[in-house]
Amino acid sequence: MEDLTEKALEKVRDLGASYGDIRIVKRASERVEVKNGKVEGLVSQSDEGFGIRVIADGSWGFASSLMMDPDEVERVAELAVRIARASAQVEHDPVRLAPVEPAHGSFEFDVQQDPFEIPVEDKIRLLLDADGIMRQTPEIKVAESSMHFWRTETVFASTEGSYIEQTKTESGAGIEATAVKEGEVQRRSYPSSFGGDYAVAGYEFVEAWDLIGNAERIAKEAAKLLDAPQCPSDTRTLILEGSMLALQVHESCGHPIELDRVFGTEASYAGTSFLTPDKLGHFRYGSDIVSIAADATAPGGLGSFFFDDEGVPASRVDIIKDGIFVGYLTSRETAEKMGWRSGGAMRADGWNRIPLIRMTNINLDPGDWTLDEMIEDTKHGLYAEMVGSWSIDDKRLNFQFATEVAYDIEDGSLGQMYKNPTYTGITYEFWGNCDAIANRDEWHMWGVPNCGKGEPGQAMHVGHGVAPARFQNVRIGVMESPSEGETE
Amino acid sequence: MLGRDKALEILGTAIAYSQAEMTQVAVEIGESSLTRFANSVIHQNVSERNAGLGVKAVIGKRIGFATTNRLDEDSIKTVVDKAVSFAKHSEDNPDFVSLPTPKPVMQIETYDERTATYSPEDRAAVVAGMIAEARKHGASAAGSLSNGYEEFAVANSLGVAAYNVFSLAGLTTVMTADSGFGYADRISTSIRDFDPIEAAVEAAARSVQSRNPEAIEPGEYDVVLLPYAVAELVEFLSYLGLGALAVQEGRSFMCGKVGQKIAGENVTIWDDGLDPRGLPRSFDPEGVPKQRVDMIVNGVANAVVYDTYTAYKEGKESTGHGIGGIGTHGPFPTNMFMQPGDSSVEEMIASTKKGILVTRFHYTNAIHPILTVITGMTRDGTFLIESGKITKPLKNLRFTDSVLERLSNVELISKETRRQAWAVVPAIKARGFRFTGATEF
């Protein structure tokens with residue numbers, strides 16, 4: 001690969017670019033999907049190519065291709081520089097990058113069992129067994145189970161002298177039972193919704209979740225939800241289970257701390273952020289017990305790496321400290337504007353996409369409670385589990401999330417099950433009302449493989465380490481519609 | 001560009017090499033470029049050349065699927081072997097009957113050379129013009145301008161062989177004037193079909209108009225929804241239940257409703273893949289020709305769309321709405337039309353005593369598929385209408401509402417329609433839209 005990277009970098013230098021880098025990315029994936037006793041997806045995907053990013057005349061250009069030969073590398077290098085010069089036709093301040101030490105080496109995350117070496121029949125059997133158990137519950141009309149594995153090999157080289165090779169293997173799995181009766185659909189998932197849980201790990205991660213052992217439980221819960229009452233609408237204490245809290249962190253903390261959003265460069269698509277730089281160091285984002293860090297070094301996290309896609313080493317960056325907003329996710333370009341060094345959050349979804357500021361692992365520090373203690377300590381509340389749906393405004397302030405299921409908490413005990421639970425709030429008010437977080441024993445790193453951003457679109461793999469937490473004065477149950485009211 | 005003959009030759013090679021009983025192979029190859037701007041500067045500017053080859057191998061009722069982006073002979077053989085190996089090691093899918101058999105595919109014009117070859121300098125010049133327009137209004141411009149082409153060919157061992165080449169151009173812009181925001185987008189197979197400066201003026205003018213928004217108490221309001229917002233509602237209907245798989249699995253609002261009224265009599269929605277007013281395609285990724293499907297006619301549930309798998313399950317024919325060979329999502333309509341009316345946005349505003357005008361929605365998500373309840377935010381221009389006039393801009397609101405319930409309460413529909421990515425839709429005025437929350441800007 002080194003001859004291709006050298007050719008690219010030499011070409012962009014010759015053409016007068018002030019900076020250039022090339023990433024060569026090879027990605028293999030395997031997906032197994034079982035639905036209602038049938039293998040509906042057995043898919044192997046492979047993809048390879050390179051992208052060249054340059055600064056010329058003070059502006060960015062990027063071009064990419066699947067054809068890995070020297071002539072194409074030269075064509076793409078020329079195109080990248082030409083694109084940068086076209087960008088420069090519009091009046092602009094020259095792009096400046098915060099410094100980074102050139103890095104060299106080859107890095108690979110160890111996994112115990114290579115998922116690509118596990119026979120596909122074994123994977124199918126595990127999913128079919130879980131599927132069969134879910135469908136023993138008569139109300140289950142759709143049972144789905146899936147596994148997904150990725151191996152990504154990346155070479156990064158820059159005109160500043162870096163040459164870094166990285167290899168990463170990721171695994172994940174989940175099951176989902178959908179119960180249907182006339183006019184009602186209810187779903188339960190495990191270990192989390194929308195495909196399950198994922199990690200930088202091997203097949204051992206899939207086996208550890210015991211999908212088969214949880215299939216009957218979620219099927220019966222989905223069936224029970226069909227006849228459960230609608231979640232009431234009021235304001236009360238809310239306790240969130242881990243995977244739901246992971247999404248809460250993702251949407252209401254992870255996205256607004258992306259410094260490119262803050263600077264307006266995502267304005268036309270995902271939006272901007274309420275966390276403007278004037279708030280840094282003193283804005284109260286949460287209660288005293290809320291501390292959040294972006295940690296690309298966290299073991300197993302889907303957002304972990306050795307170096308980001310600008311060659312910046314992985315690090316842990318404080319974001320919220322004791323409730324106060326103290327840091328951002330940064331790139332070399334945005335860090336330079338703040339007078340900082342990059343925190344290393346530039347990540348690209350493959351060879352044909354530019355790196356953008358993306359979440360790494362955005363983790364909530366554990367507290368000293370247990371979930372059981374939180375419930376026992378709650379007089380009137382709601383315990384809500386697993387992501388149903390999500391929506392948040394374009395500055396990341398007003399959110400509304402639905403969960404798959406919720407239970408009444410009355411005088412310290414779980415009671416009535418509710419269907420269609422939702423809760424809503426304003427980000428900093430919600431986190432300001434956080435008064436209990438579960439301890440390290442209940443803390444888990446959740447993997448989210450589908451975080452969307454950018455034009456053209458990019459899906460990123462990110463992690464969220466959280467433990468269940470409690471929030472006071474939350475508005476719940478706002479989705480009741482007149483037609484639902486009629487059925488109650 | 002590969003061209004029809006070369007594309008079909010690649011597919012023929014793969015099919016001839018395959019040891020499966022039935023084999024489907026699809027290839028796509030193309031180039032795309034996108035110039036992105038924000039704060040009135042071009043900050044991202046990208047181009048890619050990519051390809052994809054997907055092989056579906058069928059042995060008995062067992063199916064394997066593999067893809068690659070390498071098109072050399074060795075890679076093609078490797079990906080075919082992988083798909084066949086997966087099929088061998090899979091389990092029977094009793095619902096699978098067959099890959100589609102060949103049917104005549106109509107040739108339609110979907111390629112514009114200028115759009116395919118628009119250069120970085122061309123895009124920069126357009127963006128510069130839009131930024132200049134923003135400055136004239138005292139606004140800052142963000143957005144993207146994209147262009148490119150894609151060749152797509154699909155063939156199977158039963159004789160299906162279809163090829164087409166598409167070009168596509170897209171423009172989105174968000175303009176900011178102090179606390180005001182405005183939006184416009186355009187999309188077409190030809191970049192000559194839209195005027196970027198007109199889009200810039202639309203967004204810039206609205207950003208100025210929406211400065212200094214005021215808060216309003218959430219609740220039920222009559223709304224005037226511009227086509228950007230209407231498209232979101234129609235697209236959610238498609239996603240939630242206008243495909244056969246959703247009906248077969250009992251999770252669609254169409255279940256048991258065919259022949260019954262589910263929306264107002266003034267609401268008619270159909271899909272027509274061949275209609276050039278949208279983004280036409282003559283066949284789906286299985287090579288099945290697109291059929292027109294009238295999904296909701298005068299408010300009555302009429303039909304859903306099928307791919308080969310869901311059609312065989314009911315002894316029907318595919319309507320050409322497959323979305324690819326992988327995944328378990330089922331067919332979707334992707335070139336929808338909502339019947340226009342005889343009104344205009346101006347008439348809608350003039351006829352409203354108290355209501356809210358919504359430019360577009362943001363981050364909309366489904367809450368209940370059968371009740372068609374969705375939630376989302378307003379964005380980029382929300383206004384209060386009082387006594388037939390827009391009186392002030394509003395801070396953005398959250399809505400949580402049933403799409404079909406709102407489409408049962410449509411008072412006025414505009415004559416003018418706008419092409420969006422999946423649907424061509426008018427503006428509407430609807431009664432009793434449910435706003436359930438508010439934000440700070």
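What follows is a short chat about domain and chain contacts in a predicted model.

Trainee: Ground rules before we start?
Mentor: The model is predicted, so local features need pLDDT of at least 70, side-chain atom pairs count only at pLDDT 80 or more, and totals for chains, interfaces and linings use all residues. Residues are numbered from 1 along each chain as its sequence is written, while chains are lettered from A and ligands numbered from 1 in the order in which they are written.

Trainee: Which domains does chain A have?
Mentor: Domain 1 covers 2-226 and domain 2 covers 234-487. Those bounds come from an automatic or database domain assignment. Their C-alpha centres lie 21 Å apart.

Trainee: How many residues of domain 1 of chain A are in contact with domain 2?
Mentor: 42 residues of domain 1, against 35 residues of domain 2. Contact here needs C-beta atoms, placed from the backbone, within 7 Å.

Trainee: What classes are on the domain 1 side?
Mentor: 19 nonpolar, 11 polar and 12 charged. Ala, Val, Leu, Ile, Met, Phe, Trp, Tyr, Cys and Pro count as nonpolar, Asp, Glu, Lys and Arg as charged, and the others, Gly among them, as polar.

Key. Two residues are in contact if their C-beta atoms, placed from the backbone, lie within 7 Å.
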